[in-house]
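The following explanation is intended to be read beside the sequence and the three-dimensional structure. Please keep both in view while following the text.

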2 protein chains.
Amino acid sequence: MFNAEKFIEETIAKIKKDVTSKTLIAFSGGVDSTVCAALINRAIGKQLVTVHVNTGYMRKNESENVKKLMEKMRLNYHFIDASKEFYSALKGVEDPEKKRKIIGEKFIRIFEKVARDEKIEYLVQGTIAPDWIESGDTLRDTIKSHHNVGGLPKDMKLKLVEPLRDLYKDEVRKVARALKLPVSEKQPFPGPGLAVRIIGEATPERTEIVREACDIVEKEIESAVEKGLMEMPWQYFAVLLPVKSVGIHGDRRVYGNVIAVRAVQSIDAMTCAFSKIPDEVMDRISTRITNTLKEKINRVVYDVTNKPPSTVEWE
Amino acid sequence: MFNAEKFIEETIAKIKKDVTSKTLIAFSGGVDSTVCAALINRAIGKQLVTVHVNTGYMRKNESENVKKLMEKMRLNYHFIDASKEFYSALKGVEDPEKKRKIIGEKFIRIFEKVARDEKIEYLVQGTIAPDWIESGDTLRDTIKSHHNVGGLPKDMKLKLVEPLRDLYKDEVRKVARALKLPVSEKQPFPGPGLAVRIIGEATPERTEIVREACDIVEKEIESAVEKGLMEMPWQYFAVLLPVKSVGIHGDRRVYGNVIAVRAVQSIDAMTCAFSKIPDEVMDRISTRITNTLKEKINRVVYDVTNKPPSTVEWE
């Protein structure tokens, strides 16, 4: 049986011993990076340099909340708003693989600069067990690598610190609860953020649409779970489809775009079943999205595919 | 209370009196055109020239079944396979309005030729009451005109015969039942056929995909209705989306297209609610589509929008 208290104590002691100088952590505010930062902060304090990048592809109010969290955790942090840079780097780019690559490279350049300026020696990675364990085939690594930021280039010669390397996701959540971190129940969010939830070009306008739709999906599903109407999904979000479909405004036929809702149940993210959302909840989500995003979105669909054959994210 | 037997008797008598020479009917095999053809055939026999056009955008086995029906009804018919012509006319055309216009014009040219060759004087239209009744706004006409073939040009100077002009859809179905027509419960199908269920270019390859998916949706929903698992929808079908989304084949990430399933409940098609399909039925539909169309389709979504704000068909 996994003992979170013991893990915390031993990990802090080990980091105190092993990590002897300035250390960089990329901080998304998700469960893994927040647990890493909390543990290492307890071990080495201000020697830990925490960097949060607002890529412009974060969820509604997310970067503001991450900032508050870093303050509350008394981290030594850099808050970098690079949204304009990311938007212009993705201008005109429709290919999903290219989008991911450009975002990964932008991240690297930002972290490289901080590492140089701050004379960093160690780099924290939030790697967890399912990211590296042999799984009989190569599926696990192939899929997972696409959901994280590309990784730092080898010539940076930073020493890796991976405090969660032996943990599974549910164990990381246990540690987060033991540390009383407010992010312990947060759903996973991909490194490239909303950019992979916008099929086609991820313009600022289209990002605003999917950001609003994601917010509605999260709020409605969380409220339904609270009311006991459904199980908490592993992940739940919205995707913007560049499909023109006809709708009715007043007495006119008007073409608008489509929002897809995705929600899945899973134990380990390796296989997933689409979440069974009650009809009245689905109806509310659909109506709120088309009302809020009138003239832009006139159709909402629900992804009813399991993994496999499809993945959780669309890109 | 509507009396189908009386309506049949009076209509046949009226047609015998009014329609004195060769008459053309465009025969899709749907409820309206089949009822019209049956009534007029009883009144004027071989003077009725029935024309069925296989546009290539018909459902699986549909034109073959229409041919059998025309034979069974002992109609004087032309069966015209124009699929190659329609496919090449739509090559490279992505705009939904242009697609509809091209299909409407092709239909007209085919009917014009038959009308000239056969020296036709009358033209049957399956107009029903909701198509022309004043509705307070112009919505009804605007929407409806897009679901029918464009209509014949005015300079053809054909006299119109509209035997169903005063009937509502449920009354047309009553007449079909009284006439023992096997199409009495058939769901409506748009004039441009599967072409408006393929978002983007309606190539032969993409038509095969949506034809197969439509067939799976129809069979699974009909079987679920038969088992008492759900109500019979007003319409139910599949739409092919030109969206690239990632899926898993073996250990590889592979991009495929998306199939949207649409099913609605309605009294009069003016307003609709998305059909509540049980989870296990949805799961079967999704799995059958991704299994059957492997390598092409790896994701299935269900349209959860009511009308308004969206229409029943996507284009």
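Which exposed residues does the face of α3(A) turned away from its buried side carry? They are K68(A) and K72(A). Here a residue is called buried under 20% relative accessible area, exposed over 50%, and partly exposed in between, as computed with a 1.4 Å probe on protein chains only. Helices (H or I, at least four residues) and strands (E, at least two) are DSSP runs, numbered from the N terminus.

This is a predicted model, in which local features need pLDDT of at least 70 and side-chain atom pairs count only at pLDDT 80 or more, while totals for chains, interfaces and linings use all residues. Residues are numbered from 1 along each chain as its sequence is written, chains are lettered from A and ligands numbered from 1 in the order in which they are written, and side-chain values use heavy atoms, with hydrogens and water left out.

Helix α3 of chain A spans residues 62-72, and its buried residues are E62(A), S63(A), V66(A), L69(A) and M70(A). Because these residues cover an arc of only 115° around the axis, they lie on the same side of α3(A); the arc is that of the directions from the helix axis to the C-beta atoms. After α3(A) comes R74(A), which has a positive phi, near 55°.

The text now turns to charged pairs. Side chains of opposite charge can pair when their charged atoms come close. A salt bridge is a side-chain nitrogen of Lys or Arg within 4 Å of a carboxyl oxygen of Asp or Glu. Over all chains, the structure holds 48 salt bridges.

One of them joins the side chains of R299(A) and D303(B), at 2.7 Å from N to O. This pair crosses between chains: R299(A) belongs to strand β9 (residues 297-303) of chain A, and D303(B) to strand β9 (residues 297-303) of chain B. Both R299(A) and D303(B) are buried.

Within chain B, K99(B) forms a salt bridge with E315(B), with the closest N and O atoms 3.0 Å apart. The pair links distant parts of the chain, as K99(B) is in helix α5 (residues 96-117) and E315(B) is in the segment after β9, 216 residues apart. K99(B) and E315(B) are buried. In chain A, salt bridges that share partners join R59(A), E62(A), K186(A) and E218(A) into one network.
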